[in-house]
Amino acid sequence: MAAALDLLLIGWLLQSALCGQFEVTVPETIQVLRGSCVTIPCSFDIENNYESNLDNTCKAIWKNDQDTVVFDSSAPQQNTIKGELTGDLTRKDCTTTLNNMQPEHSKKYFFRLECNNALKYSFLEQKLEIAIKDGPPRLTLTPSTLKVKEGTSVKVTCSAPAPCLSHPPTLTWTPSLGDIDETLQENQDKTKFKTSVLTFTASHLHHRQEISCTAVYNKQDGSTESSVTTRLTADILCALCGQFEVTVPETIEVLRGSCVTIPCSFDIENNYESNLDNTCKAIWKNDQDTVVFDSSAPQQNTIKGELTGDLTRKDCTTTLNNMQPEHSKKYFFRLECNNALKYSFLKQKLEIAIKDGPPRLTLTPSTLEVKEGTSVKVTCSAPAPCLSHPPTLTWTPSLGDIDETLQENQDKTKFKTSVLTFTASHLHHRQEISCTAVYNKEDGSTESSVSPIDISCALCEPFEVTVPETIEVLRGSCVTIPCCFDIENNYESNLDNTCKAIWKNDQDTVVFDSSAPQQNTIKGELTGDLKRKDCTTTLNNMQPEHSKKYFFRLECNNALKYSFLKQKLEIAIKDGPPRPTLTPSTLKVKEGTSVNVTCSAPAPCLSHPPTLTWTPSLGDIDETLQENQDKTKFKTSVLTFTASHLHHRQEISCTAVYNKQDGSTESSVTTRLTADISFAPQILPSSDCTKTKTASQFNCSCETSGNPSPTLQWYLDGLHVNHSDKIAVSNEFLNDTSLRSFITVSQPNLSTLLCCSSNSLGSATQRFYVYILQLQTSAEGQDPSYVYGL
């Protein structure tokens with residue numbers, strides 16, 4: 001016992017002796033994602049007699065193993081690697097963040113302390129190795145396997161390194177089965193890692209379920225990298241796991257005309273396990289016990305679809321296509337194998353509800369009130385019942401980075417999420433953000449669902465102006481400058497009727513003064529209300545010499561006078577008008593489909609917006625004046641028509657006519673859009689039969705048009721005929737949608753001739769009646785000729 005105490009005392013004395021030495025504590029190695037930052041945890045100690053030298057003159061220097069300075073805290077803008085000293089050297093904390101790390105920064109580094117006195121020391125004994133990686137680090141799941149009893153409270157921990165403290169990873173669980181608790185923790189070497197703990201109660205519904213954790217790392221250029229763990233499969237020991245049980249959602253809502261993917265898994269009694277083989281098939285019946293889908297005969301089903309699961313793995317996931325209102329019913333699953341295993345899972349039924357419109361979206365949060373400078377995340381979620389046609393999510397306006405994922409509910413149905421991340425600014429105050437989900441039906445048409453949210457921003461009081469960065473203007477036309485501003489709160493009372501709007505170019509020359517409109521270099525008009533912080537202005541008859549940058553100045557007959565120099569507007573004068581755009585740029589639809597084609601053209605001059613015309617005008621036209629994110633306007637014209645075979649290969653164009661202020665006009669025409677219309681075949685009027693000079697044969701031709709390209713067949717008196725010694729048949733393609741067929745029949749009798757054309761969309765027929773009217777012989781005894789009635 002005495003010996004043990006002696007050893008402990010010696011160890012304590014050794015430790016105390018080192019506390020007055022030059023020592024630094026940094027990690028041995030840190031792995032960093034290319035393009036991200038790294039926060040180096042760093043602390044140091046110095047000899048006791050230098051303690052008084054630690055003062056505000058001290059600076060932190062980092063050198064690489066070639067003894068080259070890469071970071072100096074006293075000159076942050078001149079560093080090879082930009083960064084920031086976040087520690088306090090007077091407290092012996094040298095923690096430093098280095099930004100935008102690149103592959104060439106993969107080196108060893110050491111810390112040097114320099115003060116404007118006798119304290120200068122390079123800590124060479126302990127070096128840090130920084131390793132730059134192209135991909136993010138792998139995550140860890142704890143536990144790595146999960147085998148628990150049903151009813152047990154389960155905790156699964158996902159851990160991800162967080163080398164960049166200003167951009168720690170975002171962790172998400174798929175599926176999200178319960179409560180989630182996130183923390184930022186510290187390793188022994190002071191590096192950080194993010195943990196997310198998922199807590200849920202184990203259920204037989206989780207048996208064989210895959211649980212995964214995804215980490216999204218944000219780079220400093222705004223892009224992201226994702227890292228997904230090896231998946232963990234839950235093994236739930238439960239009383240029901242050896243019974244005949246099926247797991248399907250209780251209800252799925254489906255957009256009319258779309259498909260539905262039914263997540264489905266089942267279990268069977270243990271003594272039937274060996275019967276699960278490749279002979280098994282999936283059957284779905286409605287609540288009238290009628291079979292609507294049989295995976296062994298997909299073409300004969302009432303509802304077409306596909307078994308996407310693997311029955312030998314107890315996965316009965318099925319996709320049913322083109323769901324219609326009459327399919328709104330309850331359904332149950334039946335398993336049939338070519339052996340003793342046949343079972344209808346009647347206890348758990350699925351209700352499919354067919355809706356005329358798309359489902360509502362969810363915005364989280366539903367309201368947004370934040371301080372300026374706050375990083376904001378808004379999540380838009382949309383159900384995705386049809387996995388082959390998930391919704392497309394778009395944000396209006398798109399204020400920042402967008403990250404999309406397909407996620408899973410607890411009942412295995414899917415939903416699409418889009419996360420918009422941006423930094424709140426006073427420019428966003430009172431701005432409406434909306435998320436739009438576009439659902440594609442299987443006939444090619446779409447349905448949209450929109451959900452808006454308003455931003456309310458606190459501390460929105462600095463001097464700021466909002467104008468577009470650039471506006472392109474047609475020479476000789478006017479330009480309407482959308483403009484609004486904000487001022488410090490203590491100047492609010494100075495906004496009165498004495499205020500005027502002034503626009504200056506980048507040579508600081510006044511070109512417009514709202515108080516003296518006739519004396520301006522550029523004539524125009526203030527159309528906004530300065531008391532409402534609206535400085536919208538229209539400038540007339542813009543010429544090439546007006547291609548410059550401009551800024552707004554506010555002047556009132558009181559203390560309020562301010563030039564908004566931070567945000568300038570560039571006006572670019574163009575000799576020709578801008579080209580309109582067509583959406584969609586290509587058009588491929590079935591005949592009978594309702595089609596919307598949108599033509600958009602910039603409208604920089606609100607008093608003379610462009611006139612949009614369609615060639616040809618195929619249907620209804622709806623025109624509106626809309627607004628871009630920067631408040632500039634554009635004209636849209638939506639052409640709505642029902643697609644017909646007559647439109648196939650037809651060119652559709654939109655022409656924008658811009659009126660100048662001298663009364664002349666300029667026109668701009670879009671790139672033409674050619675319609676590709678799928679339609680069932682038609683027999684064309686050019687089809688006919690012709691007589692011959694002898695009685696030995698007659699000739700008929702049949703011409704058809706369809707898309708896809710149709711086929712032609714001949715039937716004589718109800719029998720299909722091919723080329724033979726008495727009947728000659730030949731075909732020629734006129735183009736990719738038209739076909740002509742010729743038939744010659746020898747020794748004609750009273751006959752009914754039928755021409756039949758077909759493609760994947762339908763068929764058409766034309767009947768010809770062929771008979772001999774009269775046999776004529778000439779007086780000169782020449783060959784007889786026959787007259788035919790057709």
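Two strands are taken to pair if DSSP finds at least two bridges between them; the views below come from a predicted model.

**View 1. An open sheet of three strands, in the order β40-β45-β44.** The pairing within this sheet is antiparallel. Its edges are formed by β40, residues 479-481, and β44, residues 524-526, each of which pairs on one side only. On average, neighbouring strands of the sheet are turned by 10° against each other, with direction ignored.

**View 2. The antiparallel pair β40 and β45.** Strand β45 comprises residues 537-539 and is joined to β40 by three bridges. Within this pairing, Thr-480 stands opposite Thr-538 of β45.

**View 3. Asp-411 in the loop between β34 and β35.** The loop that holds Asp-411 lies between strand β34, residues 401-408, and strand β35, residues 414-423. The side chain of Asp-411 makes a polar contact with the side chain of Thr-413, at 2.6 Å. Asp-411 has a relative accessible area of 32%. Buried residues have under 20% and exposed residues over 50%, so Asp-411 counts as partly exposed.

**View 4. The surroundings of Asp-411 beyond its sequence neighbours.** When neighbours within four places in sequence are set aside, Asp-411 is in contact with Pro-249 and Pro-263. Glu-250 is 161 residues from Asp-411 in sequence, yet the C-alpha atoms of Glu-250 and Asp-411 are 8.3 Å apart in space.

Terms used:
Residues numbered from 1 in each chain as written. Predicted model: local features only at pLDDT ≥ 70, side-chain atom pairs only at ≥ 80, totals over all residues. Heavy atoms only, no water. Helix = DSSP H or I, 4+ residues; strand = E, 2+ residues; numbered from the N terminus. Axes fitted to C-alpha atoms, helices over the stretch in contact; angles between N-to-C directions. Buried < 20%, exposed > 50% of the residue type's maximum accessible area, 1.4 Å probe, protein only. Contact = heavy atoms within 4.5 Å. Polar contact = N/O pair within 3.5 Å; in protein donor to acceptor, adjacent residues only side chain to side chain.
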